[in-house]
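Thanks for making time this morning.

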Amino acid sequence: MLNIILFGAPGAGKGTQSDYLVERYHLNHISTGDLLRKEIADQTELGKRIKSIMDSGSLVSDDIVVEMIDKAIANDTQGILFDGFPRNVAQAEVLDQLLEKHGRKLTCMISLDVPREELIRRMLERAKISGRSDDNEETIKNRLKEYENKTLPVAAYYEKKGQHIKVNGFGDIKAISDNIVAEIEKRK
């Protein structure tokens with residue numbers, strides 16, 4: 001059973017590639033944002049706690065995110081594509097423990113490697129389409145700096161474990177998808 005982390009900076013193309021991988025391998029797409037919204041929409045006890053936290057303007061704690069991920073792994077029967085998790089090394093360590101708890105292993109972490117200038121260009125282009133006023137060059141650079149400082153060390157964590165695969169995320173979308181599939185097929 002495949003369990004894959006799709007990793008990359010904002011603007012790296014994770015959304016496009018995750019859609020493709022979910023369809024190709026029939027994986028459950030686990031996005032922390034989607035899980036939060038689903039708990040709230042389903043009005044579960046956890047969802048009510050999450051809504052209260054978010055309504056107050058606070059960030060949802062790692063404990064709650066981990067609880068949701070644990071539940072998602074427990075309910076999964078076909079394999080998982082993790083998108084947006086783990087965001088830091090502590091979460092990566094917890095993910096390893098959760099997978100082991102449920103008798104699973106991480107197949108690999110696919111990291112989409114895109115030059116910084118291209119990330120900025122893509123996000124500025126996306127901002128024109130979305131019309132979001134917070135997607136300006138200064139905000140984008142701050143998001144990239146946050147990613148580089150807090151999230152990028154996750155790649156080094158999986159590199160040490162021999163599970164990190166860097167794929168060129170710049171160029172033709174189909175070629176990128178084909179390269180990702182080739183790497184996954186080596187590890188199935």
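Predicted model: local features only at pLDDT ≥ 70, side-chain atom pairs only at ≥ 80, totals over all residues.

Gln17 counts as buried, at 3% relative accessibility, where buried means under 20% relative accessible area, exposed over 50% and partly exposed in between, with a 1.4 Å probe and protein chains only. Gln17 sits in helix α1, residues 14–25; helices here are DSSP runs of H or I with at least four residues, strands are runs of E with at least two, and both are numbered from the N terminus. Leaving out residues up to four places away in sequence, Gln17 touches Leu6, Leu112, Ile173, Ile176, Ser177 and Ile180, a contact being heavy atoms within 4.5 Å.

Residues are numbered from 1 along each chain as its sequence is written, and side-chain values use heavy atoms, with hydrogens and water left out.

Let me turn to the core. The largest nonpolar core has 53 residues, and Ile69, Phe82, Leu95, Ile110, Tyr158 and Ile184 touch the most other members; such a core is a set of buried Ala, Val, Leu, Ile, Met, Phe, Trp, Tyr and Cys residues joined through side-chain atoms within 4.5 Å. Helix α4, residues 62–75, supplies the largest share of this core, namely seven residues. Setting aside neighbours within four places in sequence, Phe82 is in contact with Ile4, Ile5, Leu6, Ile30, Ile69, Ile73, Leu95 and Leu99.

Now some backbone details. Most residues other than glycine have a negative phi, and most peptide bonds are trans. Phe85 and Pro86, however, are joined by a cis peptide bond with omega about 0°, and Pro86 lies in the loop between β3 (80–83) and α5 (89–101). His26, which is not a glycine, has a positive phi of about 55°; His26 belongs to the loop between α1 and β2 (28–31) and is exposed, with a relative accessible area of 55%. Gln43 also has a positive phi, near 55°, and is found in the loop between α2 (32–41) and α3 (45–55), where Gln43 counts as exposed at 59% relative accessibility.

Finally, the chain as a whole. The protein chain contains nine helices and five strands, and 45% of its 188 residues count as buried. Along its principal axes, the C-alpha trace spans about 40 × 40 × 30 Å.
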